[in-house]
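Here are my notes on this one, written as numbered points. Have the model open while you read.

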Amino acid sequence: MNREYFARGQRKTVDRIENVVAIKVAATERGFNATEAESFGTEAAAGQLGLPEDSLAAFGAAHWVFVEPSADTSRSLAALDDFAEADDAGTLVKRENGRFAIVTKRLTVQLAEDYSGEDAEAILAERGLTLLTRLTFAPNLFEVDTTVHDDALEASVDLHEDPRFTLAEPSFVEHVPPRAIPTDPRFGEQWQWRNTGQGGGTPGADVHAEEAWDQTFGAGIRVAVIDNGFNTAHEDLQSAIVGASGAFRTAGAGPPTFMQGAAAIPAGDHGTFCAGMVGARHNNGRGGCGAAPECELMLVACLGDQVGTQTTLARAVAYAADPSREVAGADPATGADILVSSLGPNGAAWDLTVVLELALEFAAANGRGGRGLAIFWAASNGNNVDVMQDEVVSHADVIAVVRSTRMDLEDNAARGPEVELIAPGVAVVSTTGAGGYGPSTGTSFAAPCAAGCAALALSMNPDLTRDQLRAIMRDSADKIGGVAYDANGHNDDYGFGRVNAAAAVQLAVGSVSHVRGKDIALVRQTPGWASIPVAFSNGSGGWDITNGAAPTFIGNWANTPGVRIVTGDFNGNGLTDVALVRQAPGWASIPVAFSNGSGGWDITNGAAPTFIGNWANTPGVRIVTGDCNGNGLTDIALVRQTPGWASIPVAFANGSGGWDITNGAAPTFIGNWANTPGVRIVTGDFNGNGLTDIALVRQTPGWASIPIAFANGSGGWDITNGAAATFIGNWANTPGVRIVAGDFNDNGLTDIALVRQTPGWASIPVAFANGSGGWDITNGAAATFIGNWANTPGVRLTNGDYR
């Protein structure tokens, strides 16, 4: 029999399974059913139900039984009576997407915003709705039970006609399994972090974690993992788990209650594996490690028996963004910086309820103090299933992740326009629920892999907004698979590419704002603006605000995928201008917004076909700015840090928005040195001639010198490789060391200092440039500054002239 209801404003239907009633039997203290199914009627045969075996088993484990009701049971249901030996009751339905669910008296409702809390509760009572939970992540949103309708389906249709209600959706009890496909239990190497070809893989078909770890292990970033359960006592996870972790626990017929603390979390193999992919510890002599082995883990367990409603999942998402939504008095700042979940049915079909949609939108917009929470979610496993059928992962605020193999190929997962990233997820190795380590397969594990890599990037610039971090993850991804990507850099199977942690970290480093001038401009890289606001400093701590029009520059160009913002003085008038360099295919020019000094902008779009069309979008290319010919204008150079080049292209600004292109040879510098793992680019004037030079500092073992490419003013480069044995060979590759460039002896030459932000040092080494490519090394004491302060979590370096 077909029944109707409303969801997301649309009339929908379900097919009720005739002559079957679902009863949630009360459980004993030992977790067994307190009474037999026959107490309520004749137990329905599996074939009569049509439920998949895994769903039938999951409902059974959650104490749901399906019966052909006795006369007494039917009378009690018709009278809306409670059952003495049951926690809940309802009907089994098959939804339009083919998935089964149980309809009870429970639904989620929302009233118009202009009603006060008191008035809203009065309306609920008037309509026969018992208030169970006030959901605080959206206005006037409530979880309720109906006392006057046959079930939530009837209530949904009835309340839809009441103009005071903006939402009335049944809270379907459904099977929400983890998205994993286990493989044979065996221990293998973690090829996802460093693929050397083990197991028949392709060398380099990994997320390049080791290069990212040269700069960060993700310290200071909190990642929320939402799953059914976790082994919180696992030796490789226990020290990472923060006190804000917890679980939604169900007792009886009421809605779940959130219990904070690791002790409340039920065990679970799937969640343990996911948590290990994100943040299993490192350098402790135990097992492997996660993508961000120094991040914090905020573990949130819900739907512990894999059966429940999206309302509980919505509460978990909102809690991860703002713990005060569930725990009175909790500090919202203790919420997560990144969220990942791998829950959801395989086969793609999964309807999104409005309550979960509201929670996703709340977290995405309000998490991290308004900077927004990046939400990673595993797309469905299954051969070429349509990702758009999964309304959760295809939601605009969700980053959908599919899985890749050790050969850098997609593998048996959802496909479509909302697939955003691909990451290792086949025979990857992580922590297991039994306390050990082993391999497993699924998009479930690709999503936390991607989230952990995002944590590394975010740790380099915690001020990134959700949208900025999302753009970095897209733009840094490697175009793998030997397939075509569209003009926006997207492929339906591979998304925007395979996650590259090292490249993401580099982009995050490049996004750090160092205010060298006295004014601050805002450049929006998502659609919606057509101007560039500027806050002009008035010299006494105040600001004069303008918002000059730049409709094409901002409205059309700045939000194009792959665009990087580059600032400098491109016409030599002493004002800072803004240029856009696209590092994805599709452009052949460099737009510039020239500041006119009063908050307005003059726009040019000078041709640079080879520089932009062929070179800038090459994988591994880094943008470097400076005055490379000494004419007082800012130029743009490209330094490739992957194999394949032997030169350094430069776009010299001509002062009127045009560009003169050179491509000076630097075979050893670029061909051999720049692409070495762990190499960092440092720019400055290392010989005092007024031209910008490029130095390479390696932060992995193997070097004992600092190469420099000295600009000769005409696009050519003079190469040196001055010895700095202890500075590079012993100090620069120490974990936690940051590179700082500046003139530390006031002689007009750029020097390089090392600041360690992990415990163990009490000094600041400096390599002083001698003007000819050599270096004079010092290691001056700074005991408290380095030994106590610099390694404090959350500390960021800002260098400048402070006296």
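**Notes on the model**

1. Overall make-up. The protein has 17 helices and 41 strands, counted as DSSP runs (H or I of at least four residues for helices, E of at least two for strands) and numbered from the N terminus. Its radius of gyration, taken over C-alpha atoms, is 29 Å, close to the 28 Å that the globule rule gives for 803 residues, so the protein is as compact as a globular protein of that length. The rule here is 2.2 Å times the number of residues to the power 0.38.

2. Ground rules. This is a predicted model, with local features needing pLDDT of at least 70 and side-chain atom pairs pLDDT 80 or more, while totals for chains, interfaces and linings use all residues. Residues are numbered from 1 along each chain as its sequence is written, and side-chain values use heavy atoms, leaving out hydrogens and water.

3. The C-alpha trace spans about 95 × 55 × 50 Å along its principal axes.

4. Helix 8 against helix 9. The axes of helix 8 (residues 310-321) and helix 9 (residues 354-366) come within 8 Å and cross at roughly 10 degrees. That makes helix 8 roughly parallel to helix 9, the cut-off for that word being angles under 35 degrees. Axes are lines fitted to C-alpha atoms over the stretch in contact, with angles from 0 to 180 degrees between N-to-C directions.

5. Leu-92. Have a look at strand 5 (residues 86-95), where Leu-92 is found. Leu-92 counts as buried, at 0% relative accessibility. Leaving aside neighbours within four places in sequence, its contacts include Ile-17, Leu-51, Phe-66 and Phe-100. Leu-92 and Glu-18 are 74 residues apart in sequence, yet 8.4 Å apart in space, C-alpha to C-alpha.

6. Two positive phi values. Most residues other than glycine have a negative phi. Arg-8, in the loop between strand 1 (2-7) and strand 2 (10-25), has phi near 50 degrees and counts as partly exposed at 32% relative accessibility. Asp-408 has a positive phi of about 65 degrees; this residue lies in the loop between strand 19 (398-404) and strand 20 (419-424) and is buried, with a relative accessible area of 12%.

Notes. Parallel < 35°, antiparallel > 145°, perpendicular 65-115°, else oblique. Buried < 20%, exposed > 50% of the residue type's maximum accessible area, 1.4 Å probe, protein only. Contact = heavy atoms within 4.5 Å.
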